[in-house]
Amino acid sequence: MSVKIRLQRHGKKGKPFYWIVAADARAKRDGKFLEKLGTYNPNTNPATIDLDVDGSVKWLQNGAQPTDTARALLSYKGALLKHHLAGGVRKGAFSEEEAEKKFQAWLDEKAGLVTAKVDGLAKAQADAKAAALAAEKEINEKRKAAVVEAEEALKAEAAEAEAAAETTTEEVAEEATEAVEEATSSEEATEEAAE
């Protein structure tokens, strides 16, 4: 029986979630498996991978072949490196303690890289949020300035209309006074002519 380390799909449509399993190569993709080795969630950024490294190394030593995606995940979590170091220990190239030191150093370096990526993503998100807030403030300031200008224009128009109304009232009053004076002078003229 040939054993494969592969992904078994779970989750819902559009939101996949995978189990990393050791299964018979003839079994269905989501069917029977021999052992669950971990999980893989590609929906998060960065992707969340939980893996039993020692169990994976055991299956690799027993001849299990990982699929391409499973190989990438095993490499990312260090299972392939640990398998390689275990081969060096078996051949006598170095001791178990040296292999464990090398593996731990690699894990520390990898954790630093992952932390840097998470910090970079958080910083980028914060920068994007700050830029959006600044743009929104700028738009609000423009909107407030436009409202103030409109209010000033309305006040100016009202003042002009009031001044025009006063001027018109004065002109009408003058015309009325002139008309009254003309009427009185024409009445006086008719009275003098009648006498």
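This report covers the nonpolar core and the salt bridges of a predicted model.

The largest nonpolar core has 23 residues, and the members that touch the most others are Ile5, Ile20, Leu37, Tyr40 and Trp59. At least two residues of this core come from each of strands S1 (3–12), S2 (15–24), S3 (35–41) and S4 (48–51), and likewise from each of helices H1 (53–61), H2 (68–77), H3 (79–91) and H4 (96–194). Helix H1 supplies the largest share, 4 residues.

Leu37 shows how one of these members is surrounded. Leaving aside residues up to four places away in sequence, Leu37 touches Ile5, Ile20, Val21, Ala22, Asp50, Leu51, Asp52, Gly55, Ser56 and Trp59. Among these contacts, Ile5, Ile20 and Trp59 are also listed with Leu37 as core members touching the most others.

The structure holds 6 salt bridges. The table gives some of them.

| Salt bridge | N to O distance |
|---|---|
| Arg26 – Asp24 | 3.0 Å |
| Arg29 – Asp30 | 2.7 Å |
| Lys142 – Glu138 | 3.5 Å |

Arg26 counts as exposed because its relative accessibility is 69%, over the 50% cut-off. Asp24 has a relative accessible area of 15% and is therefore buried, the limit being under 20%. Asp30, which pairs with Arg29, is partly exposed at 38%.

Lys142 and Glu138 are both in helix H4, 4 residues apart, about one turn of the helix. Lys142 is exposed, with a relative accessible area of 54%, whereas Glu138 is partly exposed, at 46%.

Key. Residues numbered from 1 in each chain as written. Predicted model: local features only at pLDDT ≥ 70, side-chain atom pairs only at ≥ 80, totals over all residues. Heavy atoms only, no water. Core = buried A, V, L, I, M, F, W, Y, C linked by side-chain atoms within 4.5 Å. Buried < 20%, exposed > 50% of the residue type's maximum accessible area, 1.4 Å probe, protein only. Contact = heavy atoms within 4.5 Å. Salt bridge = Lys/Arg side-chain N within 4 Å of Asp/Glu carboxyl O.
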